[in-house]
Amino acid sequence: MCGITGYISNNKPRKEILTKMMNRIIHRGPDAEGTYLDDKCALGHRRLSIIDLKSGNQPIYNETKDIVIVFNGEIYNFIELREELKKTKHKFVTSSDTEVLVHGYEEWGHNLTSKLRGMYAFAIWDKNKEELYLARDEWGIKPLYYYQNEDTFMFASEIKSFLDHPDFKKEFNEEILSAYLCFNSTPTEETFFKNVYRVEPGHQLIIKDGKITKEKFFELTFEETDKDMDTIVSEIKEAMNNSVKYHEIADVEVGSFLSSGIDSSYLVSLAKPDKTYTVGYDNPKYDEISYAEDLASKLGISNTSKKINKEEYIKAFPNIMYHMDEPLADPSAIALYFVAEIASKDVKVVLSGEGADELFGGYNTYKEEIDQSWYMKIPYPLRRFASMIAGIFPEARGLNFIYRRGLKLEDYNIGLGRIFRDEEAQRIVNNKNQIHTKDIVAPFYKTYSNNSNLVKRQAIDFYFWLVRDFLHAVDRNTMMFGLEARTPFLDKEVFKVARQLPTYAKINKTTTKPALREAAKEVIPNESYKK
């Protein structure tokens with residue numbers, strides 16, 4: 001895991017500028033640094049050493065030194081890919097996964113991403129073509145931003161890396177303010193800095209002659225099958241066992257975050273790492289430490305925990321917000337900060353349970369498709385009228401139900417993070433040039449128009465809750481401590497199983513993600529599989 005940054009410019013790149021950009025993200029890679037500069041391109045790398053500790057420093061080149069890469073992430077199938085590339089006469093001088101990407105680009109060009117299993121953000125400079133190739137993994141685990149003006153294109157793992165470049169203009173993008181208040185995170189490809197954009201999950205960019213070409217190489221698609229529950233559970237167990245084994249590949253020790261819920265408990269029960277980490281609060285209602293200690297004890301592994309008090313919670317805010325780059329109104333980000341801090345004292349890599357809820361149907365809102373089916377039998381005109389009345393009043397538990405169920409899903413649902421309704425947010429911002437939430441999610445609803453409401457909810461939560469909130473918070477809070485977080489649920493082989501789940505395997509009248517719970521039940525030695 002690392003930090004990458006760089007730029008291409010009509011003016012000859014300067015090392016002093018690149019060094020400052022790299023130093024802004026030194027926390028992402030405290031172990032080593034490397035640079036590449038020519039008359040057009042500058043690439044910078046800060047390294048957190050995980051694989052090939054001795055010879056894996058970056059940038060890394062091909063044999064003729066005319067293709068060079070800086071890379072952030074892990075390619076879990078790099079050993080298989082290296083053997084495949086050796087058969088086509090590529091020569092390797094390191095044992096790193098990064099070098100596989102260089103030769104993979106030589107062999108497969110922009111189809112490289114179709115071969116990869118892992119989490120990644122990388123930049124490849126092809127000196128002969130004078131072409132920069134950027135890509136971000138299909139899950140959005142690793143961040144990648146870019147900025148362009150008349151003379152310069154720059155990219156980085158974090159926006160703050162741009163601040164030291166003289167061509168970067170620090171301008172506030174106020175047109176997404178009201179949308180932020182609704183989503184509680186930045187919901188657009190745009191950011192709060194004008195002309196700074198994120199590379200979206202499953203996308204790659206080719207920059208040549210000052211022009212940006214965007215290509216989408218992955219689509220989150222769902223296709224229900226009629227498999228029976230026993231077959232489904234068996235497939236989940238096989239995929240999860242395989243994924244955890246791949247996510248444990250490292251030349252350093254791998255630990256794990258551990259909460260009281262099924263997701264991290266399943267990972268820990270499969271991996272059985274020597275060290276696990278948990279945080280809690282003085283309020284027993286929000287304290288998960290006792291559950292984590294019980295599981296760790298039954299598995300015969302250690303658990304390090306910390307209770308967060310009010311004073312240190314508030315004190316941590318400025319540091320967390322600085323590393324976030326963008327505002328994020330999710331209190332779980334604070335807990336992530338503290339659990340990452342205690343883990344980083346022992347290990348460089350941890351497993352984390354993000355992605356299970358979105359792929360396997362874990363949120364209680366998904367059960368509305370079953371629990372509230374009785375209300376949907378009321379004629380639509382009556383439900384719509386009731387919704388209009390409810391919409392007049394401030395949000396309240398019963399009124400929210402009436403308001404939502406008198407609308408089509410795409411007219412109100414923007415994911416789990418909604419804080420304000422559009423009208424309320426726009427009154428607070430008091431600026432007419434605001435992006436409406438419905439316009440933001442509309443392309444996604446169009447993509448999934450032929451799917452069920454449950455799948456639509458999953459897709460919206462994946463892109464607007466998981467990617468822009470959870471994964472953003474996990475990446476920033478771990479990397480500020482030089483800690484790598486790996487997410488085995490977000491894996492190609494796991495997704496192959498999850499995307500085919502029938503509705504009954506994702507929700508039923510009594511619980512969420514029943515199929516995953518059945519799979520986890522066999523290895524979790526306590527009742528965390530129920531949580």
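## Aromatic rings

Two rings of Phe, Tyr or Trp count as a pair if their centres lie within 6.5 Å, with the six-membered ring used for Trp. In this predicted model, ring pairs of this kind link Trp139, Phe183, Phe218, Phe222, Phe444, Phe462, Tyr463, Phe464 and Phe495 into a cluster. The structure holds 28 aromatic pairs. One of them joins Phe462 and Tyr463: the ring centres are 5.0 Å apart and the planes stand at 80 degrees, so this pair is edge-to-face. The angle decides the class, because planes over 60 degrees apart count as edge-to-face. Phe462 and Tyr463 are both buried.

Rings also meet charged side chains. Arg117 lies over the face of Tyr246, 4.2 Å from the ring centre. Lys160 has its charged end over the ring of Tyr322, at 4.9 Å from the centre of that ring.

## The chain as a whole

The chain has 20 helices and 17 strands. Its C-alpha atoms fill a box of roughly 70 × 60 × 50 Å along the principal axes. For 531 residues, a compact globule would have a radius of gyration near 24 Å, and the value for this chain, 23 Å, agrees with that.

Of the 531 residues, 58% are buried. The chain exposes about 22,000 Å², and carbon and sulfur atoms supply 50% of this area. Among contacts with a separation of 6 or more, 70% are between residues 24 or more positions apart.

How many residues of strand S5 (residues 67–75) are buried? The count is 9 of 9, so S5 is largely enclosed by the rest of the structure.

S5 pairs with strand S6 (residues 118–126) in the antiparallel sense, over 9 bridges. In this pairing, Val68 stands opposite Trp125 of S6. S5 is also joined to strand S4 (residues 60–61) by 2 bridges, again antiparallel. Here Ile60 stands opposite Ile69 of S5. The hairpin of S4 and S5 has 5 residues between its strands, and Lys65 takes a positive phi near 65 degrees in this hairpin.

## Backbone details in loops

The loop between strand S3 (41–47) and S4 contains Pro59. The peptide bond from Gln58 to Pro59 is cis, with omega near 5 degrees.

Two other loop residues have a positive phi without being glycine. Asp209, with phi near 55 degrees, is in the loop between strand S11 (203–208) and strand S12 (211–216). Asp209 has 67% relative accessibility and counts as exposed. Lys272, with phi of about 50 degrees, is in the loop between helix H6 (262–271) and strand S14 (275–281). Lys272 has a relative accessible area of 45% and is partly exposed.

## Gly417

Is Gly417 buried or exposed? Its relative accessibility is 7%, so Gly417 counts as buried, the cut-off being under 20%. Gly417 is found in the loop between helix H14 (409–412) and helix H15 (422–429).

Apart from neighbours within four places in sequence, Gly417 is in contact with Cys182, Phe183, Asn184 and Trp465. One of these, Phe183, also belongs to the aromatic cluster described above. Met321 is 96 residues from Gly417 along the chain, and the C-alpha atoms of these two residues are separated by 18 Å.

Note on methods. Residues numbered from 1 in each chain as written. Heavy atoms only, no water. Phe/Tyr/Trp six-rings, centres within 6.5 Å; stacked < 30°, edge-to-face > 60°. Buried < 20%, exposed > 50% of the residue type's maximum accessible area, 1.4 Å probe, protein only. Lys NZ or Arg CZ within 6 Å of the ring centre and 35° of its normal. Helix = DSSP H or I, 4+ residues; strand = E, 2+ residues; numbered from the N terminus. Rg over C-alpha atoms; globule rule 2.2 N^0.38 Å. Contact = heavy atoms within 4.5 Å. Areas by Shrake-Rupley, 256 points an atom, 1.4 Å probe, with all protein chains shown as cover. Pairing = 2+ DSSP bridges.
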